[in-house]
Amino acid sequence: MTSRKLNRRDLFKSAASAGALAAIQATTHRVSMVNELHAETMVSSPMANGLCEYLSTSIGVDTPNPRFSWIVEGAQTQTAYQLIAATHPSLLNVEKADTWNSGKVKSDRTSQIVYDGKKMESGKQYWWQVQYWNEKDQLVETKAGGSFITGVLSTDDWRAEWISFKDESPLHNSREELYLPPAREYRKTFEVGKKVRHATLFASALGNYDAYINGQRIHESVFLPGWADYLKRSYYNTFDVTTFVQSGGNAIGAVVADGWYAGYVGYGLLCGYGPNKTGRYFYGKTPSFMAQLVIEYEDDTTETIVTDKTWKVSGDGPIREADMIMGEAYDSRMERPDWCTFKYDDSAWTSAILASENGSIKATFSDNKGDREVELGFQKPGKMQAYMAPPISAATDGERQNAWGMQQEFLNPIPAVKKYEFQKGAWIYDLGQEFAGVAEFRFQGAAGTKVQIRYGEMVHPDGRLMTENLRRARATDFYTLKGDPNGETWRPRFTYHGFRYVEISGLPNEPADDAVVGIPLSNRTPLTSTFECSDPMVNRLFRNIVWTQLANFVEVPTDCPQRDERLGWMGDAQAYIRTASYNANVAAFFTKWLDDLEECQLENGAYPDYAPYPMSHGGPGLSWGTAWTDAGIICPWTIMTVYADTRLIEEHYDSLKKFIDFRIQSSPDLKGVSLGNSWGDWLSLNENTPIEYVDICFFANSVRKMAEMAKAINRNEDAKIYGELYKKICRVHNAEYLNDDGTLKVDTQTAYVLAIDFDMLPEAKVAVAAQRLVDKIRAMDTRMTTGFLGTKSILTVLTKTGHHDVAMELFQSKKLPSWGFEVENGATTVWERWDSYSKAEGGAKHIGMNSFSHYAFGAVCEWMFRCLAGIDQAEYGFRKLLMEPRPGGTLDYVKAEYLSPSGMIRSEWHVKNTDGKKKFIWDVTVPANTQALLTVPTDRPESITMDGKPLQIHAEKLTPNQQIVGPGTYHIENEM
């Protein structure tokens, strides 16, 4: 088969240069003919509904200039658009739009369209809609658009106070005993005497909260308002509560728990970090709450209900313990179903206080930087920011499939597949799938019966629940029955766990087979891809990767969801983010997290090992590690390229420059250094790649990406400087590490992967280096030795250097280490370690640090889409596509689809043997408003047919097996 080195964007631009597109105009025209007849009278379009700031339901937009996007469908091209916005749906037309009318804008862009209308008001709902003109300059009316509600657009609009309860408890100082205080309930009554037009609630907490109005929880989301460095910033949430507010008497309330603010975080308890070395109180001692309900009446008047000292508070509700890591305890005998109703008697409740009235609380804070005094009393966050990531929630009935008909099999409730009694009175349920979330329980028994619920990822060979790898995470919930003869149903609200197995004990009788149902939780990043092939192992692997992604996209891109960690580790995130963007729309999720990351940037300019950063961990005084800190560059670069998002770069540009300055100052001779934590190629096997070598490679990679980001926002002088610096680093690398024969002085698989992947070698030496990588793989019986850093791109490097056969052997291998080994040993998610578990060896290994839900090694999914399915891009936002499938191994077919920012891309190929000849059959869908460079895998380009006809005359500089096409669906066949 034809093999060559491909510079993706340059090749497409070369192919589409002057005269080239004209040479293939007939092909593109033929595609457009599909819709030509009805296009003459077209008055509507199946254009996909639009997004505002990446979300279909945008509530709380606090940027004055939000961005809009939409997707054109069908085989057509947008040549101009007109976007309008209004304060009421009845005004949503080009004549009446009272907020914005862009006029006809000649552009084929369908994303990152910035609002440029009248100044918007806080807490108002706005509607928007777009229409466009096609390639024949015909106006196409669409229903694409939506509505959004603004957040608090000015700090002057905040009138609420932070309130709390009088907290006279001593500061916890024991590492042996847990301190798990109850959740607090807050309430206030008010009356409505006029007709309500609209009601908006803005709420936040230092801690986690649930909000209620008139006895109803007003949201399905959990862990509100989100995690930030509360000393600098707090997120707030915005809710449309018009339907909850009623005429006459009303009650508003909230349940507030410790959350990340005051509860146990990460391995703080394990390592003795935080105030009094207890692993909790990282931001403060006592949670607080703030809310502001704005009611607009039909007579154009407004009333605002705010948190203040007129609110009441109680700690006598049913949630007796509530901790993100340790678990939740619920006593149903203490339920007060009417606690947030107007007529409830709250005379026994105490008055809330201003959070500041709890006074100053000093403590000694410990971590790897040493001991220092901190203030744990209330400190008002320096900034209030709208939470604009997708909310964390369970799936609802309306989310079984998305608008494109892609089945959302993930995140649905999970029934148990097996139940057994491990010991007298202790029943273990196997849900058959590991995930992150909670379980919903159905219990029946006498009042006062206390049920213990434990969680685990695995069971020991004797059937015992495995909890040793959870370390100091108790991961245990408790439920005390009220004795309802009809049974009782309960789901925890202020905790979550990573698990597959649930152990129930304490019931007097055997629980029912369906007493436990798993409820997965995740930030609801819309899933955007499917993948299927002829190898069942690979299909299971794809499911495992997606499940692991969802389990670890809970507020931040965590390393794992089960043990006492759950931190936004940078090394994992930078390795995996490109895969993440194939599997789901993660733009809003990472936009939120990158704010967290900049917020915790170290004084020297380095980004720390994880974000948020409540405690420093690693070597004495060290807070960052090479390649891990570089996530601060790699992640925004990825979001920019996938979603064509340059605003993100503009907003973080000063921080990005500060980081590059840090890198330059750390290594003025450009040779690479070992200054921070030595995470390096984490969990590699049998080969250690020196940190200095890893450092010079990631230094070069970050500088090159910085040059690209600078150019994208027209910082051309910076782009030039960084571009030259990248070349210098490569020259230093080659002088220091490259042998004359093309091999490397650091002779590890990961070293070759990094050098080739980051384009650091002279082109003439790449083939030799790649062959040496292959030789090393073969010397290990065709096995990898790579860890988090090397595994990410090892298959990509092999494929692009002409060794796709070796890549396929690694990919389909079932030998340790391999993805197939995990699947063969029963994995339903991706493991942290290649050898986390072995049936042959009788169970789990590395109990002290072992996670069975760790997405880093799942980064191979990027290669699955790019190389196996052949879905890649040549221009930001998938406006121009590179489609080049690579069959191989034992695969007979691959079917993949990806809902890109520009529309649905499909690639399905089959390899069939007919009359002794091997035939390649490929069906391709190129979305509207895009072009694709198709590259057909064959050594016989003369045999290629497209839609039954020989491939047309090739454009200048294209190889004989390539063709540039416009939107449409194509059927290609050829002999291999």
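Is Asp596 buried or exposed, and what is its relative accessible area? In this predicted model, Asp596 is buried, with a relative accessible area of 2%, where buried stands for under 20% relative accessible area, exposed for over 50%, and partly exposed for the range in between (1.4 Å probe, protein chains only).

Residues are numbered from 1 along each chain as its sequence is written. Because the model is predicted, local features need pLDDT of at least 70 and side-chain atom pairs count only at pLDDT 80 or more, while totals for chains, interfaces and linings use all residues, and side-chain values use heavy atoms, with hydrogens and water left out.

Salt bridges, defined by a side-chain nitrogen of Lys or Arg within 4 Å of a carboxyl oxygen of Asp or Glu, come to a count of 64. In one of them, Asp596 is paired with Lys592, with 2.6 Å between the closest N and O atoms; Lys592 is likewise buried, at a relative accessible area of 4%. Both residues belong to helix H9 (residues 587–599) and stand 4 residues apart, about one turn of the helix, helices being DSSP runs (H or I, at least four residues) numbered from the N terminus.

A further salt bridge is formed by Lys776 and Asp747, whose closest N and O atoms are 3.6 Å apart. This pair links distant parts of the chain, 29 residues apart, with Lys776 in helix H15 (residues 763–779) and Asp747 in the loop between helix H13 (716–737) and helix H14 (749–757). Lys776 is buried at 11% relative accessibility, whereas Asp747 is partly exposed at 29%. Through shared partners, salt bridges also join Arg233, Glu555, Lys592, Asp596 and Glu599 into one network.

Definitions and conventions: Helix = DSSP H or I, 4+ residues; strand = E, 2+ residues; numbered from the N terminus.
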